[in-house]
Amino acid sequence: MRAKIVVVCLLISYAFITASLVPAWQNNMTLWSRVLVFSPSYPRAAVNLGQALAVDGRLPEAVMVWEQTRVISKAARMPERERQLVLLVVELNLINFFAAKNVYDSRLPELLTDAWERAPYVFNAPGVEATGEWRIIKH
């Protein structure tokens with residue numbers, strides 16, 4: 001009998017805890033923002049929040065989050081392979097942002113070089129030539 005009461009009390013407490021967490025799952029922005037409240041140095045959450053902001057059309061905010069993610073990732077305690085992947089995703093997101101806006105930013109050469117060094121196979125596509133010098137071509 002006592003065990004049943006304990007189980008019922010646990011289930012009720014778990015139900016209340018679950019109900020309190022449901023609002024965080026409203027959308028990707030609320031979810032990843034909530035994750036960052038509890039784990040501010042978790043780079044993957046910051047990358048995902050930046051992507052959610054970009055999808056929502058809040059590109060300047062997304063760029064700020066991605067820039068912060070670059071700093072967080074370099075200092076975070078995480079496996080090196082994961083760090084390199086996070087940094088590559090952030091750099092490619094920033095490059096895509098500047099390309100989509102047709103904007104030249106002084107950070108572009110550094111972003112391109114860093115991304116190239118992390119994963120040169122990303123740039124091995126027809127028409128892409130590695131010359132060691134980046135040229136920004138305006139269409």
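Before looking at any helix I noted that the expected span of a helix is 1.5 Å times one less than its number of residues, and that helices (H or I, at least four residues) and strands (E, at least two) are DSSP runs, numbered from the N terminus.

**Entry 1: the model and the chain**

I am working with a predicted model, in which local features need pLDDT of at least 70 and side-chain atom pairs count only at pLDDT 80 or more, while totals for chains, interfaces and linings use all residues. Residues are numbered from 1 along each chain as its sequence is written, and side-chain values use heavy atoms, with hydrogens and water left out.

I looked up the secondary structure and found six helices and zero strands in the protein chain, which reads α-α-α-α-α-α along the sequence. I then turned to burial (buried means under 20% relative accessible area, exposed over 50%, partly exposed in between, with a 1.4 Å probe and protein chains only), and 30% of the 139 residues of the protein chain count as buried. For contacts (heavy atoms within 4.5 Å), I noted that residues 24 or more positions apart account for 43% of those in the protein chain with a separation of 6 or more.

**Entry 2: H2 against H3**

For packing I used axes that are lines fitted to C-alpha atoms, for helices over the stretch in contact, with angles that run from 0 to 180 degrees between N-to-C directions. The axes of helix H2 (residues 28-38) and helix H3 (residues 43-55) come within 9 Å and cross at roughly 150°. That makes H2 roughly antiparallel to H3, on a scale where angles under 35 degrees count as roughly parallel, over 145 as roughly antiparallel, 65 to 115 as roughly perpendicular and the rest as oblique. The crossing of H2 and H3 is left-handed, a word used if the near helix is turned anticlockwise from the far one by less than a right angle, with right-handed used if clockwise.

On the H2 side the contact is made by Asn 28, Met 29, Trp 32, Ser 33, Val 35 and Leu 36, and on the H3 side by Ala 45, Ala 46, Asn 48, Leu 49, Ala 52 and Leu 53. I sorted these residues by type (Ala, Val, Leu, Ile, Met, Phe, Trp, Tyr, Cys and Pro count as nonpolar, Asp, Glu, Lys and Arg as charged, and the others, Gly among them, as polar). The contact of H2 with H3 divides into nine nonpolar, three polar and no charged residues.

**Entry 3: H3 against H4**

I found that H3 and H4 pack at an angle of about 165°, with their axes 8 Å apart, and are therefore roughly antiparallel to each other. Their crossing is left-handed. Residues of this contact include Ala 46, Leu 49, Leu 53 and Ala 54 of H3 and Leu 59, Ala 62, Val 65 and Trp 66 of H4. The contact of H3 with H4 divides into eleven nonpolar, four polar and one charged.

I stopped at Ala 54, which lies in helix H3 and, at 23% relative accessibility, counts as partly exposed. Leaving aside its neighbours within four places in sequence, Ala 54 is in contact with Leu 59, Ala 62 and Trp 66. I also noted that Ala 54 and Asn 93 are 39 residues apart in sequence and 9.4 Å apart in space, C-alpha to C-alpha.

**Entry 4: H4 and what covers it**

Helix H4 (residues 59-75) has 17 residues and reaches 25 Å from its first C-alpha to its last, close to the 24 Å expected at 1.5 Å a residue. I listed its buried residues as Ala 62, Val 63, Val 65, Trp 66, Glu 67, Thr 69, Arg 70 and Ser 73. What covers them includes H3, helix H5 (80-101) and helix H6 (108-118).

Glu 67 has its place in helix H4 and counts as buried at 19% relative accessibility. Leaving aside its neighbours within four places in sequence, I found Glu 67 in contact with Leu 94 and Arg 107.

**Entry 5: H4 against H5**

The axes of H4 and H5 come within 10 Å and cross at roughly 155°. That makes H4 roughly antiparallel to H5, and H4 passes H5 in a left-handed crossing. Among the residues making this contact are Glu 67, Arg 70 and Lys 74 of H4 and Arg 83, Glu 91 and Lys 101 of H5. The contact of H4 with H5 divides into nine nonpolar, three polar and six charged.

Not counting residues up to four places away in sequence, Glu 91 touches Arg 70, Leu 111, Asp 114, Ala 115 and Arg 118.
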